[in-house]
Amino acid sequence: MRKQIAAANWKMNLTLQQAEELLDELHSIPYSLDKDQEVIFGVPFPYLAQVEQKLAGRNNVYVAAQNCSDKKNGAYTGEVSAEMLQSIAVDYVIIGHSERREYFNESHTMLAGKINLCLEHGIKPIFCCGEPLAVREAGTQNSYVETQLTESLFHLTAAQLTGFVIAYEPIWAIGTGKTASNEQAQEMHAHIRSIMANQYGADVAGSISILYGGSVKANNAKDIFGQPDVDGGLVGGASMVAADFAVIINSLK
Ligand code: PGA
């Protein structure tokens, strides 16, 4: 069975002290994880290691970086490589978040390169895709997302994509309080799975966890996660409120 995942994306928020307080508060609230369920914390680079330490010994709880370089190593001041993340035992990396695509001009090819480096270093990518409002209004979201998947994932092998994680995040729903409807989410998730099935077969497609992101909150997580092709969420704002994130975790199938 594919994994059901509640992933937090803290973005460029929280000091180390605030992050520690948030985790203390979250862990004072009971939440339980089955063997096919995972919680992932997308943490700013400077305190990935501290957060890892704080989470040590918790089953099915992992740490993600929010980005990594598309370069292997060398004279790239300010960049962080997949190899560095591997050396501090980071489990996942969020790749191609819409904010990185938009503000840092990350291209399909660059994202493909980042994914390769992650896989070479035993780190699991969480590959983000999703359309802006204008594309949704024009009704061309299906081909838009298909291009994102084709250009950044289709060079991978079936083995590399088995158990892979994709996050569908419609840009118009991120941080806006405007969630995709359950039907819109299910429709796009089924579309993504069928694209992967056409290319790699039903078994590979069925093993891929497809997370929904965009204004997931404590009061809508259960409905969205309940859709057959939605395997959890990538959560920004609500992941930084302990009580809300606990409800979201407990909403996993
Ligand atoms: P949001 O962010 O939950 O605050 O909408 C989601 C994301 O950008 O991953």
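Author: Ala, Val, Leu, Ile, Met, Phe, Trp, Tyr, Cys and Pro count as nonpolar, Asp, Glu, Lys and Arg as charged, and the others, Gly among them, as polar. By those classes, the lining of the second largest pocket has six nonpolar, three polar and six charged residues.

Reader: Where does the model come from?

Author: This is a predicted model, where local features need pLDDT of at least 70 and side-chain atom pairs pLDDT 80 or more, while totals for chains, interfaces and linings use all residues. Residues are numbered from 1 along each chain as its sequence is written, and side-chain values use heavy atoms, without hydrogens or water.

Reader: Which residues lie nearest the centre of that second largest pocket?

Author: Asn-67, Ser-69, Glu-79, Arg-100 and Lys-114, out of 15 lining residues.

Reader: How much space lies in the largest pocket?

Author: About 400 Å³. Its lining has 14 residues, and Lys-11, Met-12, Gln-66, Arg-100 and Phe-104 are the closest to the centre. By class, seven of the lining residues are nonpolar, four polar and three charged.

Reader: Which helix gives the most to that lining?

Author: Helix α4, residues 98–103, with three residues. Helices are DSSP runs (H or I, at least four residues), and strands are E runs of at least two.

Reader: What about polar contacts?

Author: The cut-off is a pair of N or O atoms within 3.5 Å. Ligand oxygen atoms lie 2.7 Å from an N or O atom in the side chain of His-97 and 2.6 Å from one in the side chain of Glu-169. For Ser-215, a backbone N or O atom lies 2.8 Å from a ligand oxygen.

Reader: How many aromatic pairs are there?

Author: Five in the whole structure (ring centres within 6.5 Å). One of them is Phe-41 with Phe-245, edge-to-face (planes over 60 degrees apart), at 5.9 Å centre to centre and 65° between the planes.

Reader: What does the pair tie together?

Author: Phe-41 is in strand β2 (residues 37–42) and Phe-245 in helix α12 (residues 242–249), so the pair ties together parts 204 residues apart in sequence.

Definitions and conventions. On a 1 Å grid over the protein atoms alone, a cavity is a set of points where a 1.4 Å probe fits but cannot get out, and a pocket is an open set with protein on both sides within 12 Å along at least five of seven lines; lining residues have an atom within 4 Å of a point. Grid points are joined across faces, edges and corners, and a volume is the space filled by probe spheres set on the points. A polar contact is a pair of N or O atoms within 3.5 Å; within protein, one must be able to donate a hydrogen and the other to accept it, and residues adjacent in sequence count only if both atoms are side-chain atoms. Rings of Phe, Tyr and Trp (its six-membered ring) pair if their centres lie within 6.5 Å; planes under 30 degrees apart count as stacked, over 60 as edge-to-face and the rest as tilted.
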